[in-house]
Amino acid sequence: MTKSQIEKFKEALLAKLAELSQSSDRRDEIQIERAPDSLDDLQNMLQRDLAVAQLNRDARLIREIQRALARIEDGSYGVCLHCEEEISPRRLHAVPWAALCIKCQERADASQQETETVPGDEPFFESQAYFADAA
Ligand SMILES: [Zn+2]
């Protein structure tokens, strides 16, 4: 990968990081006041759960982006952390913070879904479709 390609990915990562940091600044707004009515309580709780789930997703993504930026600094960006093959530029365009090549990612996804997956039935098509859409 050339230096200017890496610069582009770095810009994309920093832009995404800025976007996510802005949304976590809104964290304070999530403090929902307790209403005396129990239905409202439930509603508030559900809303808060949704907001918290979103924040957790954002926080995880922020960490992944920070790790990707660190890999740019130490020169290991674009190399799969698991098998040390180069991650395809197409994948990096879709997911600039990707730490694994598509094959290792599929394996990781598969082991996460182990309980739902029939042996031998790899969740291959789903990932392919995802990258086809993103490209
Ligand atoms: Zn790999």
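Ile 87 is found in the loop between α2 and α3, where helices (H or I, at least four residues) and strands (E, at least two) are DSSP runs numbered from the N terminus. The structure described here is a predicted model, in which local features need pLDDT of at least 70 and side-chain atom pairs count only at pLDDT 80 or more, while totals for chains, interfaces and linings use all residues. Residues are numbered from 1 along each chain as its sequence is written.

A residue is called buried if 20 or more other C-beta atoms, placed from the backbone, lie within 10 Å of its own, exposed if 12 or fewer do, and partly exposed in between. Ile 87 counts as buried because it has 21 C-beta neighbours inside 10 Å. Leaving aside neighbours within four places in sequence, Ile 87 is in contact with Gly 78, Val 79, Cys 80, Leu 92, Ala 98 and Cys 101; contact means that the C-beta atoms of two residues, placed from the backbone, lie within 7 Å. Ile 87 and Ile 102 are 15 residues apart in sequence, and their C-alpha atoms are 7.3 Å apart in space.

Ile 87 also belongs to the largest nonpolar core, whose nine residues are Phe 9, Ile 65, Ala 68, Tyr 77, Ile 87, Leu 92, Trp 97, Ala 98 and Cys 101. Such a core is a set of buried Ala, Val, Leu, Ile, Met, Phe, Trp, Tyr and Cys residues joined through C-beta atoms within 7 Å. This core lies between domain 1 (1-77) and domain 2 (78-135), because both give residues to it; the domain bounds come from an automatic or database domain assignment.

Beyond residues up to four places away in sequence, Glu 85 touches Cys 80 and Cys 101. Glu 84, in the loop between α2 and α3, counts as exposed, with 10 C-beta neighbours inside 10 Å. Most residues other than glycine have a negative phi. Glu 84, although not a glycine, has a positive phi of about 65°. Just after α2, Gly 75 takes a positive phi of about 85°.

Leu 100 sits in the loop between α3 and α4 (102-112) and is partly exposed, with 19 other C-beta atoms within 10 Å. Apart from neighbours within four places in sequence, its contacts are Cys 80, Leu 81, His 82, Gln 105 and Ala 108. Leu 100 and His 82 are 18 residues apart in sequence and 6.5 Å apart in space, C-alpha to C-alpha.

Turning to the whole chain, the secondary structure comes to five helices and zero strands. Helix α2 has 37 residues, which should span 54 Å at 1.5 Å a residue, and the 53 Å between its end C-alpha atoms agrees with this; the expected span is 1.5 Å times one less than the number of residues. Of the 135 residues in the chain, 9% are buried. Among contacts with a separation of 6 or more, 46% join residues 24 or more positions apart.

Confidence is given by pLDDT, the predictor's score for each residue from 0 to 100. The chain averages a pLDDT of 82, and 74% of the residues score at least 70. Among the elements, α3 has the highest mean pLDDT (95) and helix α5 (residues 124-134) the lowest (46). Over residues 116-135 pLDDT stays under 50, and the model has 16 contacts beyond four places in sequence for them.
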